[in-house]
Amino acid sequence: MESVRPLTGFALQVSPAQGGLKTETCPNYRLFQNWNGKNCPMMLLAPMEALADKQFRKAVATVGGMDEMVMEFIRIPDQGHPRSLANRYKSDELGSMTISPQVMGSHDQRMWVATRELVKRGAYRVDLNCGCPASRVTKKGSGASLLKTPSILGGVVRSMIGSGQDEFPNITVKMRSGFEDTQLFLENVYSAVDGGAKAITVHPRTSYQKYSGRADWNLIREARKISTVPIIGNGDITSVPRAAEIVESTGCDAIMIGRGAVRNPWLFHEIRAHFIGQTIAPPGIGDEWKFWDTYRKAGREFGGTARGNTGRLKMIAGYYFDKCTWMKDAKVRLLRSPHVDDESFLHEIIDVLAQHRKHCSECNF
């Protein structure tokens, strides 16, 4: 397949807006530089409601490898208090790790207020959710429903940016390929750019598809061809070969990984090693213990009960134990485990992982 290189880039505004909001960047932020095909493109952890919450972020931060994390969306309803809702965002949640907030809503004034509150709390960019497929969201005109009317999508972006002394230019968009179909896809890309978005993440599934079927990477390629701002490729990046393929076939400027990082938290390191031509050792049992133990402890730290935290451990295990035939068989047993105490279940997980290393013929250790 013909290789597509990024066509254009832009400079992230780093100087303070006139007398108003400060627009700052982070030392490791490379998304806003044209990727030249050498080194590794920027890698981001995707926002995933319930799955990639602060408990998972704390655990996966012990592994590292990503350039930035995007937190799960903050819903800004037509009636509510944007200032208090913005309190969910903590820019220093993980110390020096860059975490960007994502907001979801369609009320121009409230989205404007929410953006300003997030910037006050340390956000150097704010992402607009145009992809949530949940009916409770789309029925209220938010999430993926913005893709039904491109002019409204662009209008929300403009409102978030603002004007004059309160202008904040670093608004980005995460969008699906459409609501029922992809007929308006390119128009939505144009509208987001015209509204002032500084980058667009494309998850090329429709809202109706939710997470089924294959992501249509050809649409990322089409977006890259017409966009004057960086395009971040997202969807079905589950391995090093898949990461290399999406970059080569679409020309995307960066990649965002979601469930692939839950399945393999070390995926970011593996991808980076591939792009820079290095070889890295696979994680040891001690590395796996650190990830799982951090996840368990974070759950209790954030108020979870022993039983509830066991349920969350099983949720992550449902993805993690999906790498090979041996692990898939073990997953069935784990998910049926009678343990209700999270610490006991954690030890069961580690015992299974130790057995995996002894008996699996598919995986390299």
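## A look inside this predicted model

The largest nonpolar core here has 87 residues, and Phe56, Leu128, Ile255, Ile271, Phe291, Trp292 and Phe321 are those with the most contacts inside it. Helix α14 (residues 342-359) supplies the largest share of this core, six residues. There's also a second, separate core of seven residues, with Met42, Leu44, Ile232 and Met256 among them. (A nonpolar core is a set of buried Ala, Val, Leu, Ile, Met, Phe, Trp, Tyr and Cys residues joined through side-chain atoms within 4.5 Å; buried means under 20% relative accessible area, exposed over 50%, and partly exposed in between, using a 1.4 Å probe and protein chains only.)

This is a predicted model, where local features need pLDDT of at least 70, side-chain atom pairs count only at pLDDT 80 or more, and totals for chains, interfaces and linings use all residues. Residues are numbered from 1 along each chain as its sequence is written, and side-chain values use heavy atoms, leaving out hydrogens and water.

Now for Ser191, which sits in helix α6 (residues 185-195). Helices are DSSP runs of H or I with at least four residues, strands are runs of E with at least two, and both are numbered from the N terminus. Ser191 is buried, at 12% relative accessible area. A polar atom of its side chain lies 2.4 Å from the backbone oxygen of Pro150, and the Ser191 side chain reaches the backbone nitrogen of Gly154 at 3.4 Å.

| Residue | Phi | Loop |
|---|---|---|
| Ala50 | about 75° | between β1 (42-45) and α1 (54-61) |
| Asp236 | about 65° | between β9 (231-234) and α8 (240-250) |

Most residues other than glycine have a negative phi. Ala50 is partly exposed at 42% relative accessible area, and Asp236 is partly exposed at 22%.

Notes. A polar contact is a pair of N or O atoms within 3.5 Å; within protein, one must be able to donate a hydrogen and the other to accept it, and residues adjacent in sequence count only if both atoms are side-chain atoms.
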